[in-house]
Each structure stands twice: as C-alpha cells, then as structure tokens.
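Hi,

Here is the structure I promised to pass on. Have a look at it first, and then read my notes below.

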Amino acid sequence: MERVYVPATLANLGSGFDALGVALALYLEAEAEPAERDRFHYSGEGYVPDTPDNLVHQAFRAAFARAGEAAPAVEIRLFNPIPLARGLGSSAAARVAGAALADRLLDGRLGREGVFAVAAELEGHPDNVAPAVFGGFQLALARPLTRVPLAHPEGLRFVVAVPGQPLATAQARAALPAEVPHADARYNLARAALWAAALAQGRLELLAEAARDRLHQPYRLELMPGAAEALEAAYAAGALAAFVAGAGPSVAALTDAAAPGVVRALADYAGPEGRLLTLSIGGGLTWKAT
C-alpha cells in the first residue's frame with residue numbers, strides 16, 4: 001500500500017490575496033483501499049466523523065467524475081497534524097489528498113495538474129491548493145486556472161502562532177467589504193508583484209514591504225484581538241515578513257535564521273491554549289510505500 005503526503009500551506013502572504021501561497025513542512029497523510037462501503041478513519045487535529053461526506057471522500061469522488069468514471073467505495077485512513085480552521089490550509093490538504101488517492105487508482109490519468117484542478121474547484125480558490133500539490137511558493141489564478149512556481153530561497157522558515165480558538169473561513173470572508181478604494185487596489189498590486197520579484201532576486205529585505213496589505217488584513221484583524229500587535233512585534237524582533245495566515249486566526253512570520261526573538265514575539269498571541277510552530281518550506285504532494 002502507498003500513502004500520500006500533502007503539506008499544510010499559507011495563503012495570501014499579506015498582499016497576494018487569493019493568489020499567493022507557500023507549502024509548509026507539515027504533512028497530512030492518507031491512504032485508501034477498496035471496501036464494501038465508504039469508510040473514513042481520522043486521527044490527528046480535532047475530530048472528523050466517519051461519514052462519506054468528509055472533504056477527502058468528496059474530492060475522491062470528484063476526481064473520478066472528472067475522469068468520467070463512477071468512484072468505487074474505499075476505506076480511507078487519514079492522519080492530520082494540520083490545525084483545523086486556523087488558516088494553515090487543512091481543507092485544501094484534505095481535498096488534494098482525496099483527489100490524489102483517486103488519481104492513483106486511475107493509474108495517474110489526471111496527473112498533478114488534474115489533481116490541482118479538482119481540488120481548486122472544490123476549494124473555490126487555488127492559492128492554498130497550488131502549493132499543496134506542487135510545493136514551495138506558488139502564484140495561482142482561478143480563472144483561467146493557472147499556477148506559476150516562484151523562486152525558493154534557501155534557509156527560510158516560518159514561525160506560525162496558532163491560537164486555541166478557530167475562526168471560520170466564511171466568517172473571515174464575510175468581514176471583507178464588497179468594494180475597495182482604487183488606491184488600495186493599486187497598493188496591493190504593487191506589493192504582490194514585489195513578492196515575486198524579491199524572491200527571484202533574493203532581495204529578502206523587500207519582503208516586509210511586499211507583505212503589507214489593504215484588501216483583507218485590516219478587516220480580518222478586527223476579528224483577531226491582539227494579532228495586529230503580534231505582527232508589529234514580529235517585525236520589531238527581526239522578521240523578514242509577517243502576515244495573517246490565510247483567513248486567520250493564525251499569524252505567520254518569515255525568518256532566515258533561528259529567530260528566537262520572533263518566537264517570543266508571537267508567543268503571547270498564541271496564548272496558553274495555542275501553539276507555536278517553526279516550519280521550513282515544504283514540498284508538494286508525494287507518495288511513499290507503507
């Protein structure tokens with residue numbers, strides 16, 4: 001039997017709302033085998049019941065449908081170390097895992113690009129999905145579905161402060177205004193482009209400016225008490241960049257060293273019920289024999 005490994009991800013990276021993402025070296029693991037009926041055995045973060053309505057089975061069936069076939073019943077075992085509803089791409093990882101498990105049974109008929117397409121359609125936006133499938137930093141567009149790998153400077157790590165309480169993505173999206181000022185759109189366009197240019201040239205000192213945002217973070221930070229102060233503290237402690245992790249409530253800081261000061265700066269925001277993760281940049285989905 002083979003097991004698929006799918007990384008956690010950070011999306012947006014501040015200015016790249018629904019477009020930029022990066023994989024983290026924290027991996028969901030899943031395997032499947034034929035069964036008389038769909039079964040789901042979940043372990044790890046939080047609780048997910050044994051029902052055929054879970055995200056992994058949904059993506060498994062969607063992948064078979066994309067290939068023009070009916071999905072067989074399977075028993076899926078999944079270990080998930082990615083915190084749920086905290087902004088680290090747990091739903092994208094689950095959907096990528098389900099589509100990848102299906103593609104394995106389809107003898108690779110969909111390929112990685114097909115797995116990407118299935119999971120992105122289910123997720124609704126591709127910024128978490130692209131790095132979950134392909135690894136590293138990725139730029140992704142929803143329509144037309146496109147992804148472009150970005151440069152991957154060596155030695156970078158993310159310090160992620162994960163609060164004890166979740167924040168539903170729907171709630172975080174509902175906080176965003178229907179329209180934004182033209183000046184804010186210009187501001188973000190320039191800084192999202194700066195992310196790609198700074199990574200390509202190794203100009204890490206530019207990432208602090210590249211991560212600044214006016215489209216989503218100011219509104220989401222109102223739902224995350226203490227987060228704005230945590231981001232500023234991370235910068236004061238030497239972070240290269242700091243931003244809301246996905247839709248929140250976690251926050252992340254990018255460093256190029258051990259950065260104990262950044263860890264200390266984010267500790268209060270994580271709080272006694274949360275945790276601090278220090279993670280390197282991850283690879284995309286991969287398979288290993290069990």
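Below is what turned up, starting with the pocket and ending with a few backbone details.

Some ground rules: this is a predicted model, so local features need pLDDT of at least 70 and side-chain atom pairs count only at pLDDT 80 or more, while totals for chains, interfaces and linings use all residues. Residues are numbered from 1 along each chain as its sequence is written, and side-chain values use heavy atoms, with hydrogens and water left out.

The largest pocket holds about 520 Å³ of space. (A pocket here is an open set of points on a 1 Å grid over the protein atoms alone, where a 1.4 Å probe fits, with protein on both sides within 12 Å along at least five of seven lines; lining residues have an atom within 4 Å of a point. The volume is the space filled by probe spheres set on the points.) Its lining runs to 33 residues, and Ala-85, Gly-89, Ser-90, Ser-91 and Glu-123 lie nearest the centre. By class, 14 of the lining residues are nonpolar, 12 polar and seven charged (Ala, Val, Leu, Ile, Met, Phe, Trp, Tyr, Cys and Pro count as nonpolar, Asp, Glu, Lys and Arg as charged, the others, Gly among them, as polar). Which helix gives the largest share of the lining? That is α2, with four residues. (Helices, H or I, of at least four residues and strands, E, of at least two are DSSP runs, numbered from the N terminus.)

Next, a buried spot: Ala-241 sits in strand β8 (residues 241-244) and has a relative accessible area of 0%, so it counts as buried (buried means under 20%, exposed over 50%, partly exposed in between, with a 1.4 Å probe and protein chains only). Its C-alpha atom is 7.9 Å from that of Ala-210, 31 residues away along the chain.

- Arg-143 to Pro-144 is cis, with omega near -5 degrees; Pro-144 is in the loop between β5 (137-141) and β6.
- Gly-248 to Pro-249 is cis, with omega near 5 degrees; Pro-249 is in the loop between β8 and β9 (251-255).

The loop between β1 (2-11) and β2 (20-34) contains Asn-12, whose phi is positive, near 80 degrees. Asp-18 is found in the loop between β1 and β2 too, and has a positive phi near 60 degrees. Are they buried or exposed? Asn-12 is buried, at 2% relative accessibility, whereas Asp-18 is partly exposed, at 23%.

Cheers
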